[in-house]
Amino acid sequence: MAEEDDARIRILQSLRGKICEAKNLGPVSGPNRQRDLCTFCTISLDQEEVFRTKMFDKSVSPFYGEDFYFEIPRPFQCLSFYIYAKSVFQRDLPVGKVSIRKDDLCEYKGKEHWFSLQPVDPNSEVQGKVHLEMRLNEVITENGSVGQHLLVRIIECQGLPLISGQICDPYATVSLVGPARSDQKKTKVKKKTSNPLFEETFFFEVTRSSSYSKKSHFQVEEEDIEKLEIKVDLWNNENLAQDVFLGETRVHVKILRNNHIHKAWYLLQPKGNGSKSKSDDLGSLRLKLAYIEDTVLPPACYTPLCNLLLKSPDVKPISASAAHILGDICRERYEAVLPTVRLLLHHNRFVPFVLAVAALELDNTQEANTIFRGNSLATRCLDDMMKIVGKNYLAVTLKPVIDEENLQVYVQKVFSSITQSGANCPPLMCAVFRSLRHLACKRFPADPHVQYSAVSSFVFLRFFAVAVLYPHSFQLRSHHPDPEISRTLTLISKTIQTLGSWGSLSKKLSSFKESYMYDFFKSFQEDKCIEKVKKFLDEISSNISKESRALEDAVVLKEGEVQKRAQGRKRLGKKNFKKRWLRVTNRELSYHKHKGKEPLCIINVKNIQAVEKLDESAFNRKNMFQVVHNEKQLYVQAGNCVEACEWLDVLGQVSRCNECRLATFHPSNYSAGSWQCCNSQTSSAPGCKPCTITMQANLQLDIDCDRETERIFSLLSANDTKLQNMEDACASMAVYQGPQREQEEYSKFVIQEPKETFQTLKQLRNVMVELQRQHEVRGDITAQYGSLDNPIVGKTS
């Protein structure tokens, strides 16, 4: 089993971006008037909604400004953005949509683009795939003539959409269509399933000899086979209403050869293959998209590159290390530093690396008042570290007051909350601040304030000020604030930035033009608040050992609305699904009737025995998972596949060290006296399937090292030309013995020791070649065209 896991190749997908704004939204049918248009935007994977912005009131050109990021836990065909107009008296009305096929997502590469909105046509809203088997046979009739019969077997479908939030009741129609005929047959209806197994075979008469005298309602000659096609339509059976179209696929009969079986998976397509009709101008939507697909090899493949990066803190000078070289060649790409930071954090190598890089920056800093102000490798590394390590620290410190709007009260509360939070600062951040303070004092011994400004430039300017300005990016709010609140947050952020700029604290009050700044700093000086700031900075950067209150406080890891199955204490008790607010902290899992209400049930996370997916067939519902604890199973349905994946990850991490963890579980439910998965008749019977092995990870540092190393490899490969230029510059500098020259190839890079740097570059080159070979040796992992993982798209001809 271990060998199989080690050889496994993983395809991991993620999507990051921003829903920026819409312009000139077109007319909407219904009671909404254009000038009163209240809209919101959603993101869907195929037909499954996974993200929604907040409502934007009364504008045909709304600015949404919502960032998003999520892992994509399943295959998908299309990414769609829908704009809806809010309706009071009926369902929300679609204004238009932007649909992008998965294969086209790579074109956008994190840059903003304007997209024209297209009409939302029910016959184009399709998803799923169908498995078909077809065969063209020659048959000899009773009178000896030869004809052709077509066999069409519809085997199964997968991934059909929800209809009005419910699993569908699908059936299929199979037709043989030509210029002069349309012969249709129908499967049985399958109840409550998105993955129906049909296993039905249909026969069609394709051609008959001209000597065949029996009359028929159609006449087909041999040459007409070129014009015949097999058409398979999927429908949802609505009983009392009109059936809902789920998708179709078409296959030309001419691809079939006598007695040859054609068996393949096909993607379902819109009706008429998505032919577009002319429509009114519905407006446009500005989006920023970055789709990433990581092909992650087995762990052993990444060991050489990982080891080379992890020894970076020990390389002298630090500029010759692999991690510094990566930051140097990708300096214009801010996100390029993140995988290196995550990798170093996971292996406890971040602090020595960032201190070495900070020392190099300090050596090149001439004035104390400009310390750590630039967008350097050191500041970028520390920014990413604080976002990762300080996430819960921000939640404990700022979240209780982030929603208030009274400016004067807000400023004072934020200031008090920050300066009283020293005991909650994560130990890793404290260790870095302590070392930075020491380096700064050593570099500028005559400056009495540098010991504070070295720390304040990070914790105030680059941490708290940014979190207040963009609270949604730090999970302090679920959505981007509205314009009025954004203005308030901007002013508060400016105040915090002033706290970070140590020289500003000694300004005269008359220099503050804004009244709120004047009032705050007047109070600041009268109350001698400068001493509170110094005390706070001392706390987070001193050698004094302290117990962290963060360990005592319950930190919310995830919360949201779900469907929970009532557990029913009595055997005959009512067991239905109800909406509940689910909340998990580092201490307990609880559910509530509504957000902010008292908990209806509390489960200590130490009592969680397993957290696993639940088969769709258990309750005929998608995106379900179960929490097995001391008393019984808790069955939960998440809103979508992304939410389900996030709940499983968080609950799995918070309970992974529990001594009571189970080795096996039941993937279905206990009903009618037996487990539906294994037919065991004892409710306490051991599980029939092994539990998921949860990788060890700090709750704050949930890091997949192989994935991070693969991303670093991709960055190095994408910047191969710069690596070569750096090699050439090192070679030139090592050979040239004259005075230092400002040549173009030198100035692009930080090269202190050409020979050391050149040696690291050669090592990087060698591991990159080997990793590339590993990718090639393992071959193209793209599944065969027509398989389940790579179904045929469009009409087969």
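Which residues line the largest cavity? They are Ala323, Leu326, Gly327, Ala336, Val337, Thr340, Phe353, Leu377 and Cys381. A quick word on the ground rules: this is a predicted model, where local features need pLDDT of at least 70, side-chain atom pairs count only at pLDDT 80 or more, and totals for chains, interfaces and linings use all residues. Residues are numbered from 1 along each chain as its sequence is written, and side-chain values use heavy atoms, with hydrogens and water left out.

**Cavities**

A cavity here is a set of points, on a 1 Å grid over the protein atoms alone, where a 1.4 Å probe fits but cannot get out; lining residues have an atom within 4 Å of a point. Grid points are joined across faces, edges and corners, and the volume is the space filled by probe spheres set on the points. Searching the whole structure this way turns up two cavities of 30 Å³ or more.

| Cavity | Volume | Top contributor to the lining |
|---|---|---|
| Largest | about 50 Å³ | Helix 3, three residues |

Helices (H or I, at least four residues) and strands (E, at least two) are DSSP runs, numbered from the N terminus. For the largest cavity, helix 3 (322-329) and helix 6 (377-389) each supply at least two lining residues. Its lining has seven nonpolar, two polar and no charged residues, with Ala, Val, Leu, Ile, Met, Phe, Trp, Tyr, Cys and Pro counted as nonpolar, Asp, Glu, Lys and Arg as charged, and the others, Gly among them, as polar.

The second largest cavity is lined by Val411, Val414, Phe415, Ile492, Thr495, Ile496 and Leu499. Helix 8 (407-419) and helix 11 (483-500) are the elements giving two or more residues to that lining.

Now for the strands, which pair if DSSP finds at least two bridges between them. Seven of them make an open, antiparallel sheet in the order 20-19-18-17-23-22-21. Strand 20 (599-604) and strand 21 (610-613) sit at the edges, each pairing on one side only. From one strand to the next, the twist averages 30°, with axes fitted to C-alpha atoms (for helices over the stretch in contact) and angles running from 0 to 180 degrees between N-to-C directions.

Strand 19 (588-592) pairs with strand 20 over five antiparallel bridges, and Glu588 has Asn604 of strand 20 as its bridge partner. Helix 15 (641-654) packs on the sheet, touching strand 17 (556-565), strand 18 (577-585), strand 19, strand 21 and strand 22 (624-628); contact means heavy atoms within 4.5 Å. The direction of helix 15 makes about 120° with that of strand 17.

Key
1 Å grid on protein atoms, 1.4 Å probe; cavity = no way out; pocket = protein on both sides within 12 Å on 5 of 7 lines; lining within 4 Å.
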